[in-house]
Amino acid sequence: MPAALIALSAVPAIAGSTRLGQLAGGGPITQDSARYFATPAPVVAHIVSVTLFSVLGALQFAHGLRRRRPAWHRAAGRLVVPSGLVSAFTGLWMTLFYPHLANDSALLVGLRLVFGTLMIVSLVLGFAAIRRRDVARHRAWMTRGYAIGMGAGTQLLTVGPWMALAGEPGPLPRALLMGAGWVINLAVAEWAVRRGPTLPALSRGAR
């Protein structure tokens, strides 16, 4: 499972690294990237935090690693929630304050706000649960929060085939395809939660 989750986040992480390289190198500046060059701090914080969240979060699902290296698990857990919250808050900031692209419909903006808020709520509830030593609720909420945070990886799988077959999707299909990525992830997360206590807590060390 950790390997599959890291693979799912690989393409967005590579795209983020490319964006950081462009910002550091001063270009090229395109219609899409001009907003990032105008205000780079939020997107830099978002890329760094979401990469940390996705990789460390994936490793928290490695039962063997958690069993053999509990100290590492606890230390990594203390980074998962903060990096996830920074990722979600910067995502919301960019949605609200960066200029929208021509293909960004009101529906897509709304979906980003809804799922970004749900990610924050899930992580906060997960952290609060482990402070109460409620491992089951902690595991459930952290799994949901991680699933939302991994939406960009699944969106590559929902949007990619459309682009390969029909080219760039219009505003409505793009919103629906990207929304499907979050819905699929949450559906899988909910299945995993209801399946039983087989997943390790993501940030148990945060307590």
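Colleague: Which residues have the most contacts inside the largest nonpolar core?

Modeller: F53, M119 and Y146 do, in a core of 20 residues. Bear in mind that this is a predicted model.

Colleague: Which helices supply at least two residues of this core each?

Modeller: Those are α3 (40-59), α5 (70-97), α6 (106-131) and α7 (135-149). There is also a second, separate core, made of six residues. V43, I47, M94 and Y98 are among them.

Colleague: Let me step back to the whole chain. How many helices and how many strands are there?

Modeller: The protein chain has nine helices and zero strands. Read from the N terminus, the order is α-α-α-α-α-α-α-α-α.

Colleague: And the overall size? What would the radius of gyration be for a compact globule, and what does the chain have?

Modeller: A compact globule of 207 residues would come out near 17 Å, and the protein chain has 17 Å, so the two agree. The C-alpha atoms fill a box of roughly 50 × 35 × 25 Å along the principal axes.

Colleague: What share of the residues is buried?

Modeller: Of the 207 residues, 44% count as buried. The accessible surface of the chain is about 10400 Å², and carbon and sulfur atoms account for 69% of that surface.

Colleague: Back to contacts. Among those between residues at least 6 apart in sequence, what percentage joins residues at least 24 apart?

Modeller: That figure is 74% for the protein chain.

Colleague: Now charges. How many are positive, how many negative, and how far apart are their mean positions?

Modeller: The chain has 20 positive and 5 negative charges, and their mean positions are 18 Å apart.

Colleague: On to single residues. What is the phi of R133?

Modeller: R133 has a positive phi of about 65°, although R133 is not a glycine. Most residues other than glycine have a negative phi.

Colleague: Where is R133, then? And is R133 buried or exposed?

Modeller: R133 sits in the loop between α6 and α7. R133 counts as exposed because its relative accessible area is 62%, and the cut-off for exposed is over 50%.

Colleague: What about P99, which loop is that in?

Modeller: P99 belongs to the loop between α5 and α6. With a relative accessible area of 53%, P99 is exposed. P99 and Q31 are 68 residues apart along the chain, and their C-alpha atoms are separated by 10 Å.

Colleague: Which helix holds A187, and what is the relative accessible area there?

Modeller: A187 is in helix α9, residues 171-195. Its relative accessible area is 45%, so A187 is partly exposed.

Colleague: Last one, A15. Where does A15 lie?

Modeller: A15 is part of helix α1, which covers residues 2-25. A15 is partly exposed, at a relative accessible area of 46%.

Colleague: And what is the C-alpha separation of A15 and S105?

Modeller: That separation is 22 Å, for a pair 90 residues apart along the chain.

Note on methods
Residues are numbered from 1 along each chain as its sequence is written. This is a predicted model: local features need pLDDT of at least 70, side-chain atom pairs count only at pLDDT 80 or more; totals for chains, interfaces and linings use all residues. Side-chain values use heavy atoms; hydrogens and water are left out. Helices (H or I, at least four residues) and strands (E, at least two) are DSSP runs, numbered from the N terminus. The radius of gyration is taken over C-alpha atoms; the globule rule is 2.2 Å times the number of residues to the power 0.38. Buried means under 20% relative accessible area, exposed over 50%, partly exposed in between (1.4 Å probe, protein chains only). Contact means heavy atoms within 4.5 Å. Accessible areas come from the Shrake-Rupley method with a 1.4 Å probe; for residues, only the protein chains shown count as cover. Lys and Arg count as positive and Asp and Glu as negative; His and the chain ends are not counted. The place of a charge is taken as NZ of Lys, CZ of Arg, CG of Asp or CD of Glu. A nonpolar core is a set of buried Ala, Val, Leu, Ile, Met, Phe, Trp, Tyr and Cys residues joined through side-chain atoms within 4.5 Å.
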